[in-house]
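Biologist: Please pick one part of this model and go through it closely. Plain description is enough.

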Amino acid sequence: MGQQLYFDNYTPVGDILVMTICIVMLILVSVSYVTKTKNYSIFLTMISYLIFAAIADLAHHEWYTYIKDGNYTPVYALRIVYHALLFSLLLLYVVYIVEMQHLEISKRIPIMVTATLVYTSVVITDIVSTLNGTSFKLNKDGTAVSSFNIFLVGYILFLVIIVFLMVAFRDRIYKKAMFGFYGTMAMSFVILFNQGRHGQSSYTVASFLLPIIAMMYLVHSTPYDVELGAINVMAMKDMVRYNYEKKRELLFMSLYMPEFDSEGEAIPEELQSTIRKFAAEFFKKSVLFQINNGHMILFAPKKKNPDHENRLNKILNSFHDEYERFKFDYKVIIGESIDEISRKNEYLSFIENMHRHMEINEVRIVDIDDVTAFKKYEYILDQLEEIYKKHDLRDERVLAYCQPVYNIKTQKYDTAEALMRLKLPEIGMVFPDQFIPIAEENGYIHVLTEIILQKTCDEIKRLIEEGYAVKRISVNVSVLELHDEEFTNDIDRIIDSSGIPNEKVAIEITESRSDSDFMALKSMIEELKVKGIKFYLDDFGTGYSNMERIMELPFDIIKFDRSLVIASDSDEKAEKMVGSLASMFAELNYRILYEGVENDVDEKRCINMSASYLQGYKYSKPIPIMDLRKFFSKA
Ligand code: C2E
Ligand code: CA
Ligand code: CA
């Protein structure tokens with residue numbers, strides 16, 4: 001710094017700016033939702049050190065101007081404190097980066113030891129050299145002599161460590177965020193370098209501010225949807241984890257509106273303001289998380305809301321009023337944090353599983369049964385995953401049941417439908433409604449089809465060998481499977497390797513609305529039909545029944561759903577409608593199978609409505625596939 005008045009090099013602008021910006025940052029983080037990670041507390045500590053460093057720097061220079069007697073001890077002391085705070089900041093940068101990179105203990109230790117050594121040696125050197133006047137000295141006339149710049153040495157040593165960390169472990173952090181840090185660090189350096197060139201020292205603390213702004217922006221910001229006041233689902237996981245660790249109980253409320261679930265359509269403005277109001281008014285300290293367009297979950301600390309039961313009633317009442325106004329369908333779930341769910345941070349799948357079993361426009365308060373049901377769901381999912389991975393086509397957990405079908409022409413049982421059951425070690429028998437949707441959602445359905453087909457082929461083979469007349473057994477296939485390119489090959493291979501004729505097997509499939517499903521279905525049927533496999537249209541009358549499309553697909557048998565059997569019993573007009581539909585199909589050379597025939601009256605009516613086949617409890621409930629022998633007759 002040479003022989004000039006010490007104060008000439010300094011203006012307080014830099015330090016005042018730092019204090020102001022730090023206070024602004026503190027205000028911003030306190031009004032926004034910030035995930036409470038370990039780095040967040042380091043971040044807060046850094047901001048406060050920065051404020052103190054700015055104060056120390058300011059005080060150190062100001063004090064100097066008031067000293068007339070030449071005793072500069074307080075100035076020296078403040079300078080040491082100021083340097084120590086900046087070195088502490090540098091040390092905290094290192095801790096922060098190490099934490100952010102999730103370094104293993106073996107890599108963390110040498111780095112932290114080095115950084116701590118650098119820290120203690122530069123701080124001690126600074127103290128000692130200031131005391132004996134070898135680094136920095138103020139003359140009686142107010143001029144400064146600085147011979148050895150210990151601050152610069154410490155700064156460069158820390159810089160080496162930081163650059164090393166950011167280069168050596170660069171792939172631990174998302175690349176773009178990394179560049180953000182590189183950029184701000186480079187800018188800090190530019191500031192320091194330039195002020196040095198101009199013999200300035202006022203912006204040293206300010207140069208430390210830039211990486212902290214980068215941290216706030218890149219790491220600690222959790223943006224709100226400013227219209228709705230909601231934040232994203234990652235933050236929710238973090239919040240659940242934090243409160244679970246602190247053993248703080250939470251209340252939650254989930255609002256799901258299926259209409260807005262799919263991408264695209266946004267929630268109308270009026271409804272948004274209602275949701276905003278809900279979130280703010282009913283619970284203190286609540287946070288609203290946006291899962292997707294149509295699903296949001298509100299969490300609030302239980303302790304801060306002692307009267308939550310009253311509030312709940314209020315919410316439900318006003319919710320009801322709002323529904324009258326908007327008429328958007330909903331599913332609402334209300335509950336308190338559950339340790340088992342918090343521990344594994346599973347509120348989202350817990351809530352989604354509840355949706356599966358809820359009616360539309362239902363409000364549910366979570367109870368212990370829901371937790372039990374969720375655990376069962378998780379167990380089933382787990383088992384399905386295992387079945388999928390094992391890919392054993394004779395897996396003992398998958399059972400082939402069967403329902404014999406009565407053939408009106410031969411007056412015998414010579415066909416049947418294979419129906420799947422699971423038999424799982426911990427929970428026993430599981431029925432299709434409890435696992436088919438889970439298997440479909442998670443991509444495990446095809447392996448189940450393969451297993452059922454394998455077991456059905458095995459059984460057909462045995463029945464034929466024992467001399468039974470088996471015309472065919474049908475197997476259910478889910479539309480979702482058809483998009484798998486290997487589908488037809490898999491079916492082909494299983495039937496082939498079991499050595500039975502292809503025409504002993506049929507595939508049941510329901511119609512679907514989407515064009516791509518239809519195309520996949522069409523090409524699948526065309527490919528397998530030439531090999532002799534028969535096709536059934538399942539559940540006719542339940543879905544949307546596009547006649548034009550049905551005619552385009554070469555089905556052999558149309559299965560009239562039980563709902564049509566029931567409808568035809570209600571009045572004459574309905575019976576006429578079902579009857580003429582059936583006779584139309586019959587004239588076009590389709591065979592008609594009625595499902596869910598439960599008694600003699602059903603049977604008689606169905607026979608009068610062009611039936612070729614009858615299936616239902618009147619003949620048999622689903623039975624284990626080997627019990628088909630009781631129904632089939634020997635050829
Ligand atoms: P679905 O294909 O329509 O199967 C007929 C269902 O109706 C069976 O239920 C059967 O037990 C039931 N049922 C049979 N007769 C009567 C009756 O007289 N009255 C009444 N009320 N019901 C009757 P299940 O076995 O519980 O299967 C339910 C659904 O699960 C099946 O409906 C099918 O969509 C699906 N599913 C079953 N097995 C498989 C499979 O292996 N693969 C696929 N993808 N889906 C399957
Ligand atoms: Ca079926
Ligand atoms: Ca059916």
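Modeller: I will start with Glu417, which is buried, at 4% relative accessible area (buried means under 20%, exposed over 50% and partly exposed in between, with a 1.4 Å probe and protein chains only). This is a predicted model, in which local features need pLDDT of at least 70 and side-chain atom pairs 80 or more, while totals for chains, interfaces and linings use all residues. Residues are numbered from 1 along each chain as written, chains are lettered from A and ligands numbered from 1 in the order written, and side-chain values use heavy atoms, without hydrogens or water.

Glu417 is one of the residues that coordinate the calcium ion (ligand 2). Donors here are N, O and S atoms within 2.8 Å of the metal, or 3.2 Å for Na, K and Ca; water is not among the atoms, so a site may look incomplete. Along the chain, the donors of the calcium ion (ligand 2) are spaced as E-x58-N-x31-E-x29-D.

Glu417 sits in strand β10 (residues 412-424) and Asn476 in strand β12 (residues 472-476), so this pair ties together parts 59 residues apart in sequence. Strands are DSSP runs of E with at least two residues, numbered from the N terminus. Whereas Glu417 is buried, Asn476 is partly exposed, with a relative accessibility of 28%.

Notes. Helix = DSSP H or I, 4+ residues; strand = E, 2+ residues; numbered from the N terminus.
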